[in-house]
Amino acid sequence: QVQLVESGGGLVQAGGSLRLSCAASGRTFSDYAISWFRLASGKEREFVAGITGSGGNTYFADSLKGRFTISRDNAKNTVYLQMNSLKPEDTAVYYCAAFPSPSSGWAGSWHATTYYDYWGPGTQVTVSS
């Protein structure tokens with residue numbers, strides 16, 4: 001079992017920044033890839049960013065490249081999502097999720113929620129205009 005807890009959400013003005021954290025406990029943290037998803041009112045859950053267990057590879061939703069970055073500190077069992085130049089359309093509940101870190105030949109999709117075994121309860125991000 002892996003337990004995930006998000007933090008760092010809140011209310012921010014458009015153009016501002018937030019850093020979300022995903023703290024994990026349970027099994028060996030570096031064995032797991034971690035991704036961020038978001039769910040906005042009236043929309044489907046959307047992949048935001050992902051990072052492999054070692055932190056050597058990162059993946060982003062095309063629409064968010066350049067504004068969001070993802071990183072991890074395996075010594076602290078934590079993954080971070082740095083969000084800059086926030087827009088009102090970034091308003092959503094942000095979730096982190098984990099699955100066993102894939103090998104280099106993995107042909108799956110980071111966007112597919114079915115791969116993820118563990119999810120956090122989410123943290124609300126609200127961006128005001």
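Modeller: Start with two residues: both Arg-38 and Asp-90 are buried. This is a predicted model, in which local features need pLDDT of at least 70 and side-chain atom pairs need pLDDT 80 or more, while totals for chains, interfaces and linings use all residues. Residues are numbered from 1 along each chain as its sequence is written, and side-chain values use heavy atoms, leaving out hydrogens and water.

Biologist: What makes Ser-21 count as buried?

Modeller: Buried means under 20% relative accessible area, exposed means over 50%, and partly exposed is in between (1.4 Å probe, protein chains only). Ser-21 has 16% relative accessibility, so Ser-21 counts as buried. Ser-21 belongs to strand S3, residues 18-26; a strand is a DSSP run of E of at least two residues, a helix a run of H or I of at least four, and both are numbered from the N terminus.

Biologist: Which residues does Ser-21 touch, not counting those up to four places away in sequence?

Modeller: Ser-21 touches Val-5, Glu-6, Ser-7, Trp-36, Thr-78, Val-79 and Tyr-80. Contact here means heavy atoms within 4.5 Å.

Biologist: How do you know that Arg-38 and Asp-90 form a salt bridge?

Modeller: The rule asks for a side-chain nitrogen of Lys or Arg within 4 Å of a carboxyl oxygen of Asp or Glu. For Arg-38 and Asp-90 the N to O distance is 2.9 Å, so the pair meets the rule. Arg-38 lies in strand S4 and Asp-90 in the loop between S8 and S9, so the bridge ties together parts 52 residues apart in sequence.

Biologist: How many salt bridges are there by this rule?

Modeller: The count is four. One of them joins Arg-67 to Asp-90 at 2.8 Å, N to O. This pair links distant parts of the chain, with Arg-67 in the loop between strand S6 (58-60) and S7, and Asp-90 in the loop between S8 and S9, 23 residues apart. Arg-67 is buried, as is Asp-90. Through shared partners, salt bridges join Arg-38, Glu-46, Arg-67 and Asp-90 into one network.

Biologist: Are Asp-62 and Lys-65 buried or exposed?

Modeller: Asp-62 has a relative accessible area of 64%, so Asp-62 is exposed. Lys-65, at 52%, is exposed as well. Their side chains meet in a salt bridge of 3.4 Å, N to O.

Biologist: Why is the pair of Tyr-59 and Trp-110 called stacked?

Modeller: The whole structure holds 11 aromatic pairs. In the pair of Tyr-59 and Trp-110 the ring centres are 4.6 Å apart and the planes are at 25°. Rings of Phe, Tyr and Trp (its six-membered ring) pair if their centres lie within 6.5 Å; planes under 30 degrees apart count as stacked, over 60 as edge-to-face and the rest as tilted. Tyr-59 is partly exposed at 32%, whereas Trp-110 is buried at 7%.

Biologist: What makes the pair of Phe-99 and Trp-106 tilted?

Modeller: Their ring centres are 5.4 Å apart with the planes at 40°, so the pair is tilted. Phe-99 is buried, at 4%, and Trp-106 is partly exposed, at 27%. Both belong to one aromatic cluster, whose members also include Tyr-59 and Trp-110.

Biologist: Where does the charged end of Arg-72 sit?

Modeller: The charged end of Arg-72 sits over the ring of Phe-29, 4.3 Å from its centre. The rule asks for NZ of Lys or CZ of Arg within 6 Å of the ring centre and within 35 degrees of the ring normal. Arg-45 is placed over the ring of Trp-119, at 4.7 Å.
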